Amino acid sequence: MRKLGLLTSILCCLVLVACSTEEKNLTVKGKVQGLKKGTLYLQKIEDTALVTLDSVIVSGQETFEFETFIDGPQVLYFYLNKVDNSDYDDRLLFFAEPGEMIVNTTLKNFETDAVVEGSKNQEKLTEYRSMMQKFNTKNLELIKSNLLAKKENDEKLIDSTEQAHDNLLKRRYLYTVNFAINNNDMEVAPYLAISEVYDANIKYLDTIYKSLTPEVKTSRYGQSLKEFLAERRAVEKATADTAEAETEADTE
């Protein structure tokens, strides 16, 4: 009995060590320049809700360090609660990967000044966002021109700016689709499909999914894209069936 008890204790210890190791496969460290007091949180979205993975109370120091476990590359959120009634300006989205990551930013411009290192998916996400900023700038220019045209009742300019806006939207969608396909071996590809162009023609989403490598297809966002495609097909089939039934009813 004593030997059995000893064996059980050893097994329990091994399980605890294994669990402890599994729970700490990501370290996020860095600095928030200018921060003197507040609480930093490392968060993720789980079942549509934000869940805190780790937190650090800042009191005098600008540096921080988080440790947590993630089951593969995924989007996490770095949130600063500095008690200013702002829930959005102080939250930074980044693409985490197991290992060590560095996040450096400033208190003044928490999101825009952020520099994130240690993730290939984050590098690609940064590249994508840089191009999206150019699309957004052009979009704002077209909106301004369109409003001015409406104010002056310039029908020709109204039509041209609206057409340019439609073309810009198509280009943005096609850029995202091509970007995902060209990076089909990275988890950022299916993530962009379901977060940026989820309402695109289903054939584009299907093309992205089919282009993914086997490993990415089984990832968190690869599985999400697969499930989303199944839902889209079911909805489109139901809509088509309803329309067909209504047409048959009208002809009777």
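## Salt bridge between E62 and K31

The side chains of E62 and K31 form a salt bridge, with an N to O distance of 3.4 Å. In this predicted model, E62 is located in the loop between β3 and β4 while K31 belongs to strand β1, so the pair ties together parts that are 31 residues apart in sequence. K31 itself is partly exposed, its relative accessible area being 36%.

## Other salt bridges

Eleven salt bridges are present in the structure. One of them joins K44 to E46, whose closest N and O atoms are 3.0 Å apart. K44 counts as buried, because its relative accessibility is 16% and the cut-off for burial is under 20% relative accessible area. E46, by contrast, is partly exposed, with a relative accessible area of 32%.

A further salt bridge links the side chains of E141 and K138, at 4.0 Å from N to O. Both E141 and K138 lie in helix α2 (residues 120–151), three residues apart, which is about one turn of the helix. An α-helix has 3.6 residues a turn, so residues three or four places apart point the same way. E141 is partly exposed at 44% relative accessibility, and K138 is also partly exposed, with a relative accessible area of 39%.

## Nonpolar cores

The largest nonpolar core contains 21 residues, of which V28, L40, F64, F66, F78 and F94 touch the most other members. Two or more residues of this core come from each of the strands β1 (26–33), β2 (37–46), β3 (49–59), β4 (63–68), β5 (74–81), β6 (91–96) and β7 (99–106). Apart from this core lies another, of 16 residues, including F95, L125, L142 and L192.

Which residues are in contact with F94, leaving aside its neighbours within four places in sequence? They are V28, L42, Q74, V75, L76, Y77, F78, M101, V116 and Q122.

Helix α5 spans residues 202–211, and its buried residues are I202, L205, D206, I208, Y209 and S211. The elements covering these buried residues include α3 (155–182), α4 (188–196), α6 (214–217) and α7 (220–251).

At the start of α5, a side-chain oxygen of N201 comes to within 2.9 Å of the backbone nitrogen of K203. D206, one of the buried residues of the helix, also takes part in a network of salt bridges with K210 and R233.

Note on methods. Residues are numbered from 1 along each chain as its sequence is written. This is a predicted model: local features need pLDDT of at least 70, side-chain atom pairs count only at pLDDT 80 or more; totals for chains, interfaces and linings use all residues. Side-chain values use heavy atoms; hydrogens and water are left out. Buried means under 20% relative accessible area, exposed over 50%, partly exposed in between (1.4 Å probe, protein chains only). Helices (H or I, at least four residues) and strands (E, at least two) are DSSP runs, numbered from the N terminus. Contact means heavy atoms within 4.5 Å. A polar contact is a pair of N or O atoms within 3.5 Å; within protein, one must be able to donate a hydrogen and the other to accept it, and residues adjacent in sequence count only if both atoms are side-chain atoms. A nonpolar core is a set of buried Ala, Val, Leu, Ile, Met, Phe, Trp, Tyr and Cys residues joined through side-chain atoms within 4.5 Å.
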